[in-house]
Amino acid sequence: MPQIPEKIHELTVGQMSARSGAAVSALHFYEAKGLISSRRTTGNQRRYSRDALRRVAFVRAAQRVGIPLATIREALAELPEERTPTREDWARLSAAWRAELDERIKQLNRLRDHLTDCIGCGCLSLDTCVLSNPDDVFGEQRAGSRLMVERGGGTTSARSNRA
């Protein structure tokens, strides 16, 4: 990784990419989404302040744990523009995200457990299939293991057929 002298306070997009590990296209995307910012030189080249490195690291860490970019942008908006996120910032913001992540983990565990049940039965309309037929909604309407969508008179109706 190329070392950038401390006296250099602004980085080119190539230097940002090399130092952050993010592709140049990702940096452009982050900038378009308002996650980082740059200034333009007279030659219309991007220049990033050194604090953008920590912001990129913050964004990438949050993305790795599944935080949506809109949520990351809201979190970064709480910080002063010229200040890098600190350990305390990360602790405060990640604590707020913890409950959301815990809920997602519960949902994924439920999906994983029910996926095995669904593969075992092979029928996606039984009352035990919570993936395609939660609470046996289709079973209350009609019998059968397959659902077909038909178009009739401008409306869509579900009809079941026996296989």
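How many aromatic pairs does the count come to by the ring-pairing rule? It comes to 3. The rule takes the rings of Phe, Tyr and Trp (for Trp, its six-membered ring) and pairs them if their centres lie within 6.5 Å; planes under 30 degrees apart are stacked, over 60 edge-to-face, and the rest tilted.

This is a predicted model, in which local features need pLDDT of at least 70, side-chain atom pairs count only at pLDDT 80 or more, and totals for chains, interfaces and linings use all residues. Residues are numbered from 1 along each chain as its sequence is written, and side-chain values use heavy atoms, without hydrogens and water.

Now look at the rings. A pair of aromatic rings is described by the distance of the centres and the angle of the planes. F58 and W90 pair edge-to-face, with 5.0 Å between centres and 90° between planes. F58 sits in helix α3 and W90 in helix α5, so this pair ties together parts 32 residues apart in sequence. Helices here are DSSP runs (H or I, at least four residues), as are strands (E, at least two), numbered from the N terminus. W90 also pairs edge-to-face with W97, at 5.8 Å centre to centre and 80° between the planes. F58, W90 and W97 form one aromatic cluster.

How covered are these rings? Buried means under 20% relative accessible area, exposed over 50%, and partly exposed in between (1.4 Å probe, protein chains only). F58 counts as buried at 5%. W97 is buried too, at 6%. W90 is partly exposed, at 28%.

Next comes the nonpolar core. Such a core is a set of buried Ala, Val, Leu, Ile, Met, Phe, Trp, Tyr and Cys residues joined through side-chain atoms within 4.5 Å. The largest one has 22 residues, and M16, L27 and I72 touch the most other members. Helices α2 (24–32), α3 (51–64), α4 (69–77) and α5 (87–121) each supply at least two of its residues. The largest share, 6 residues, comes from α3. In soluble globular proteins, nonpolar side chains tend to be buried together.

Beyond its neighbours within four places in sequence, I72 is in contact (heavy atoms within 4.5 Å) with residues including F58, V59 and A62.

G66, with a positive phi near 90°, follows α3.

One last stop is N44, in the loop between β2 (39–40) and β3 (46–49). N44 is not a glycine, yet its phi is positive, about 65°.
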